[in-house]
Amino acid sequence: LITKSGNNLRLRDVRGGLSRQLEDPAVLNELTAAAPDAYIFMLEWDTRDLNNQMLAVTGAMDFCGDRPRGLVFTKCERTLDEGDPCWRAQPGWWREHAGLLPHAHVLESFGEAVWPCSAYGFHGRLGQPAVLLGEFGQLMPYQIQPVGVNDPFDWALDRLGVV
């Protein structure tokens with residue numbers, strides 16, 4: 001992406017599962033070849049796989065050094081209502097959720113840089129997640145208005161002095 005000031009911003013998606021294969025030289029090279037200026041870890045909200053996701057983050061944090069790092073929970077509209085104060089991402093907002101407390105040591109290491117965000121957001125009139133159920137019960141986006149998606153990127157760009 002090219003910013004307003006003409007700076008280049010390169011986003012790189014690295015599969016979290018790679019952080020559980022650090023003994024493999026090819027994986028280690030993949031994670032360290034071109035160190036980014038900032039890290040944004042993304043985890044799925046309210047998933048049965050949270051322990052594994054937290055292990056992946058913990059393993060990858062060793063590579064961050066002193067670079068800025070943040071953590072984003074995606075799909076938070078699964079359990080957060082449209083008016084939930086957690087959307088404001090005040091420091092420690094995640095402590096309101098008992099399922100995250102066993103991971104407090106990891107979350108605390110990110111300081112204020114922990115955000116909830118949504119995949120679909122909420123329907124403008126109904127205040128319900130902006131999805132419909134398809135013929136076979138699958139979720140289908142409908143009039144999406146994602147919440148909190150910009151916040152982590154704004155934070156990273158601010159930390160890097162990029163406009």
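How many aromatic pairs does the structure hold? The structure holds seven. Rings of Phe, Tyr and Trp (its six-membered ring) pair if their centres lie within 6.5 Å. This is a predicted model, where local features need pLDDT of at least 70, side-chain atom pairs count only at pLDDT 80 or more, and totals for chains, interfaces and linings use all residues. Residues are numbered from 1 along each chain as its sequence is written, and side-chain values use heavy atoms, with hydrogens and water left out.

**View A. Trp45 and Trp93 form a stacked pair.** Their ring centres are 5.9 Å apart and their planes meet at 25°. Planes under 30 degrees apart count as stacked, over 60 as edge-to-face and the rest as tilted. Trp45 lies in the loop between β1 (39-44) and α2 (50-61), and Trp93 in the loop between β2 (69-74) and α3 (104-108), so the pair ties together parts 48 residues apart in sequence. Helices (H or I, at least four residues) and strands (E, at least two) are DSSP runs, numbered from the N terminus.

**View B. Phe73 and Trp93 pair edge-to-face.** The distance is 6.2 Å centre to centre, with 90° between the planes. Phe73 sits in strand β2, and Trp93 in the loop between β2 and α3, 20 residues apart. Both Phe73 and Trp93 are buried (under 20% relative accessible area, with a 1.4 Å probe and protein chains only).

**View C. Ring pairs link Tyr39, Phe41 and Phe110 into a cluster.** The charged end of Arg69 sits over the ring of Phe110, 5.4 Å from its centre. Here "over" means that CZ of Arg is within 6 Å of the ring centre and within 35 degrees of the ring normal.

Notes:
Buried < 20%, exposed > 50% of the residue type's maximum accessible area, 1.4 Å probe, protein only.
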